[in-house]
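Here is a friendly walk through one model, with some contacts, some helices and a few backbone details to look at along the way.

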Amino acid sequence: MKVVVIGGGIAGVAAATTAARRGSSVTILEGTGRLGLNRSLLPYVLSGGFPPEKVQVTEPNALSREFGVDVRLNDRALDVSSLSRSVRTENGRLDYDSLVLATGCQYLSDGPKGLSKQGVHLLRSPEDYLALSGSVAALSRPAVVGPAPLSLVVAQALSSSQRVRVFLGPRSLHRFSPGVGRMLVRAASAKDVELIDADADAVVGTRGAEAVLSSGRVYPCSGVVVLPKSCPSVPPSGCATGTYGGVLVDRWMRTSSKDIFAAGDCTETRMGSISLPSRLHSSSRVMGEVAGSNASGAAVRANLARSMALRIFGLEVCAAGVDIEEAARAGIDAVRVESECAARGDPSDGASVYASIVYDRPTRKVHGIQVAGPGALSLSEFCALAVASEMSLDQLAYHESPYLPSFNTDQSPIALTAGRALARVQERRVEAQGTHLRYR
Ligand SMILES: Cc1cc2nc3c(=O)[nH]c(=O)nc-3n(C[C@H](O)[C@H](O)[C@H](O)COP(=O)(O)OP(=O)(O)OC[C@H]3O[C@@H](n4cnc5c(N)ncnc54)[C@H](O)[C@@H]3O)c2cc1C
């Protein structure tokens, strides 16, 4: 089987190695001179916590040597013809039996006014992160502009020696439930990071970036770090696209075109009446593995959860699935239940863990889980699996969670929260029955 993979990021490299392991003859096309860039490590380059050479997780030579993959760097795919099963590239034409699109995202040029001023750092490439890491010490009061969670990770990297303001936009921490959002604001404030839930309208100053204008207010600063917005980047291929312009894939990573699969940031998966992107490292990797397997003749299904895990401003946070707004947009009759429980750990320190669950009212199927607080990271894999396997509220409420004396509490915060949701459902049912009886 001749498999062509377009794009050499996390998803493309996972697809290429998986297809090669299954015995396919694999060619990977990468438009730049770099393969296997792990973008999630870029913010750690800023704080000096990660050497830049480690951000590239795959060596082109290793891919050829260990897996027999034909690696073509600096060879951009221009378009794909599913009729003739061929890819036109900058350097010629390539035939395939099956193809994997793994072309990621491209940055958009819109943003606040004044981005060309001196002292504005646009973070796109690894070189941009590296250049900023050299001048972090010169920023005495930087502003960060961009959505959470990435802007929070960048602010954390900058905040070790200075006060930082983050302009998150009006939907600010919308990715997180209100309780998790409040914990993040508190944790940020303790590290001298101010979170502002408004857009930056312009960067102003006579000698460079001296202030940010936002919602009619002026915020002085000594430099501005901008995380540009992005959108899916896909060469013309005839594949159907979704709500946000990404290639629509099913759980087998099949697109609408025969023998074309897709994986990673360039894709969207259906949820109810809309489709959603993931744009996360873990989703991209597993999508790549599934696309590579199926492109070489297998029939495996991806169990996606859109899961993330963060340790941010000292706070542990994990999230999987969708939030209530996304669920509502998808046409789901969604309910969110939240609760605060005693933290796992030393009960005497009074720390608490916050958990929230989004579920479908009629079926009680769980669509999203978030946990924040001490020990939250230890629950991240469970959250991902519970969402990916579409567990019900009842299963979550009565799942066994191993108990370790002097480490955790009797019940997991997820089970407690699900139990509270079930109790509420029960109360409503009793109330409804009471009303019914009264009216008879
Ligand atoms: C700064 C930053 C921090 C992040 N932090 C996290 C995190 O903490 N946790 C997390 O889960 N996720 C994080 N993410 C998201 C995660 O990194 C992405 O989801 C993941 O890298 C996507 O991988 P990909 O292979 O789909 O796309 P990409 O990594 O974008 O790779 C796509 C590749 O395709 C190539 N390409 C594009 N078009 C063509 C073409 N026509 N022909 C040939 N090649 C082409 C590109 O050059 C690129 O190399 C972060 C992202 C960024 C930018």
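Setting aside neighbours within four places in sequence, Thr89 is in contact with Leu29, Asp75, Arg76, Ala77, Leu78 and Leu94; two residues are in contact if their C-beta atoms, placed from the backbone, lie within 7 Å. Thr89 belongs to strand S5 (residues 86–89). Helices (H or I, at least four residues) and strands (E, at least two) are DSSP runs, numbered from the N terminus. Thr89 counts as partly exposed because 19 other C-beta atoms lie within 10 Å. For that label, a residue is buried if 20 or more other C-beta atoms lie within 10 Å of its own, exposed if 12 or fewer, and partly exposed in between, with C-beta atoms placed from the backbone.

Before going further, please keep in mind that this is a predicted model, in which local features need pLDDT of at least 70, side-chain atom pairs count only at pLDDT 80 or more, and totals for chains, interfaces and linings use all residues. Residues are numbered from 1 along each chain as its sequence is written.

| Pair | Apart in sequence | Apart in space |
|---|---|---|
| Thr89 and Ser257 | 168 residues | 19 Å |
| Leu276 and Gly92 | 184 residues | 34 Å |

Leu276 sits in strand S21 (residues 274–276). With 20 other C-beta atoms within 10 Å, Leu276 is buried. Not counting residues up to four places away in sequence, Leu276 touches Glu268, Thr269, Met271 and Glu326.

Ala155 is part of helix H5. Ala155 counts as buried because it has 28 C-beta neighbours inside 10 Å. Apart from its neighbours within four places in sequence, Ala155 is in contact with Val144, Val164, Val166 and Val193.

Pro149 lies in the loop between S10 and H5. The peptide bond from Ala148 to Pro149 is cis, with omega near 5°.

How many of the 12 residues of H1 are buried? The count is 11 of the 12, so H1 is largely enclosed by the rest of the structure. Elements covering its buried residues include strand S1 (2–6), strand S2 (25–29), helix H3 (60–67), strand S7 (98–101) and H7. From its first C-alpha to its last, H1 reaches 17 Å, close to the 16 Å expected at 1.5 Å a residue; the expected span is 1.5 Å times one less than the number of residues.

Two packed helices are described by the angle between their axes and the distance between the axes. Helix H1 (residues 10–21) and helix H7 (residues 281–295) pack at about 30°, with their axes 7 Å apart. Here, axes are lines fitted to C-alpha atoms, for helices over the stretch in contact, and angles run from 0 to 180 degrees between N-to-C directions. Residues meeting across this pair include Ile10, Ala11 and Gly12 in H1, and His281, Ser284 and Arg285 in H7. By class, the contact of H1 with H7 has 9 nonpolar, 7 polar and 2 charged residues. Ala, Val, Leu, Ile, Met, Phe, Trp, Tyr, Cys and Pro count as nonpolar, Asp, Glu, Lys and Arg as charged, and the others, Gly among them, as polar.

**Around the ligand**

H1, helix H2 (42–46) and H7 each supply at least two residues of the shell around the ligand. Of the 33 residues around the ligand, Gly7, Gly9, Ser40, Gly104 and Gly264 come nearest; a residue is near a molecule if its C-beta atom, placed from the backbone, lies within 6 Å of it. The shell divides into 14 nonpolar, 14 polar and 5 charged residues.

**Positive phi values**

Most residues other than glycine have a negative phi, and most peptide bonds are trans. Phe313, in the loop between S22 and strand S23 (315–321), has a positive phi near 50°. Phe313 is buried, with 21 other C-beta atoms within 10 Å. Glu390 also has a positive phi, near 50°, and is partly exposed, with 15 other C-beta atoms within 10 Å.
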